[in-house]
Amino acid sequence: MNRIERRILRRETHSPRTVAAAVTAVAVALVVTWLAVEGVLQLLGLRPLLLSPRSQLAALASAPSAGAAFLLATAVLSGLAGLWLVLLAVLPGRRPRRVLAGGRVAIVADDDMLASALARRAARTAEVSPDAVTVSLGRRSGVVRIVPVSGRRVDRDGVRDAVTDEFAQAGAGRAIRLGVLVDPNGKVGS
């Protein structure tokens, strides 16, 4: 796989940070604009919109006497906001997509598509209708939920093996841990 294909695959499987960056930039721009407007209104001798610059400075100066609980709450909220922004910048954003093994082409499949294929295979193996099976896929694990027909047993290990085999045949890279949950209350009918 060449460099361009790797770049395309990364772009398709990772989410961009443009929304988070835009929201942060707009929030900072609004605060700076508000502070500038308050400063201009103060210079013109007009009433402030919310707080005059003198009131803002007085509130900052009196912050140490505001009480330990207020200061602690402010510090915790500021720390959490900063940690969220740092994690957002550093951690990779993952889309619910996987790169499939394809000989000459790069293939990206949505997790919903893979879950649908796994559900069909599980329904065939468990001998239930396709509506009785739901599959949810995570990054490293997946869960197959089956509602069997009343009075019929479902071979969990057989379903797990079949679904694991289907996932491997799709060529989705690393194997994931798949769990099979069978509803103890079956449904009446076929």
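Figure 1. The structure shown is a predicted model. R121 forms a salt bridge with E166, and the closest N and O atoms of the two side chains are 2.8 Å apart. Because R121 belongs to helix 5 and E166 to helix 6, this pair ties together parts that are 45 residues apart in sequence. E166 is buried, as is R121. R121 also forms a salt bridge with D165, with 3.3 Å between the closest N and O atoms. Here too the pair links distant parts of the chain, with D165 in helix 6 and R121 in helix 5, 44 residues apart. D165 has a relative accessibility of 32% and so counts as partly exposed. Together, R121, D165 and E166 are linked in a network of salt bridges.

**Figure 2. The salt bridge between R152 and E127 joins two loops.** The side chains of R152 and E127 meet at 2.9 Å, N to O. R152 lies in the loop between strand 4 and helix 6, whereas E127 lies in the loop between helix 5 and strand 3; the two residues are 25 apart in the chain. R152 is partly exposed, with a relative accessible area of 46%. E127, at 53%, is exposed. A search of the whole structure finds five salt bridges, among them the pair of R152 and E127.

**Figure 3. An open sheet of three strands in the order 3-4-5.** The pairing within this sheet is mixed. Strand 3 (133–137) and strand 5 (177–182) stand at the edges, each with a single partner strand, so one side of each has no neighbour in the sheet. From one strand to the next, the twist averages 15°. Helix 5 (residues 111–126) lies across strand 3 and strand 4 and runs at about 140° to strand 3. Helix 6 (residues 156–170) lies across strand 4 and strand 5, at about 140° to strand 5.

**Figure 4. The hairpin of strand 3 and strand 4.** Three residues lie between the two strands of this hairpin. Strand 3 pairs with strand 4 (residues 141–146) in the antiparallel sense, over five bridges. The bridge partner of V133 is I146 in strand 4, and V135 stands opposite V144 of strand 4. Strand 3 presents V133, V135 and L137 on a covered face, while T134 and S136 form an uncovered one.

**Figure 5. The largest nonpolar core.** This core has 25 residues, of which V133, V135, L137, V144, I146 and V159 touch the most other members. Helix 5, strand 3, strand 4, helix 6 and strand 5 are the elements that give two or more residues to the core. Helix 5 supplies the largest share, with seven residues. The covered face of strand 3 is made up of V133, V135 and L137, and these three residues are among the core members that touch the most others.

**Figure 6. The surroundings of V159.** When residues up to four places away in sequence are left out, V159 touches A122, T125, A126, V144, I146, V154 and V180.

**Figure 7. V90 in helix 4 and its separation from G102.** V90 is found in helix 4 (residues 68–90). V90 and G102 are 12 residues apart in sequence, and their C-alpha atoms are 30 Å apart in space.

**Figure 8. Confidence along the predicted chain.** The protein chain has an average pLDDT of 85, and 98% of the residues score at least 70. Confidence is highest in strand 4, at a mean of 93, and lowest in helix 1 (residues 3–13), at a mean of 76. Where pLDDT is low, predicted coordinates should not be read in detail. Strand 4, with the highest confidence, is the strand that pairs with strand 3 over five bridges.

How values were computed
Residues numbered from 1 in each chain as written. Predicted model: local features only at pLDDT ≥ 70, side-chain atom pairs only at ≥ 80, totals over all residues. Heavy atoms only, no water. Pairing = 2+ DSSP bridges. Helix = DSSP H or I, 4+ residues; strand = E, 2+ residues; numbered from the N terminus. Axes fitted to C-alpha atoms, helices over the stretch in contact; angles between N-to-C directions. Contact = heavy atoms within 4.5 Å. Salt bridge = Lys/Arg side-chain N within 4 Å of Asp/Glu carboxyl O. Buried < 20%, exposed > 50% of the residue type's maximum accessible area, 1.4 Å probe, protein only. Core = buried A, V, L, I, M, F, W, Y, C linked by side-chain atoms within 4.5 Å. pLDDT = per-residue confidence, 0-100.
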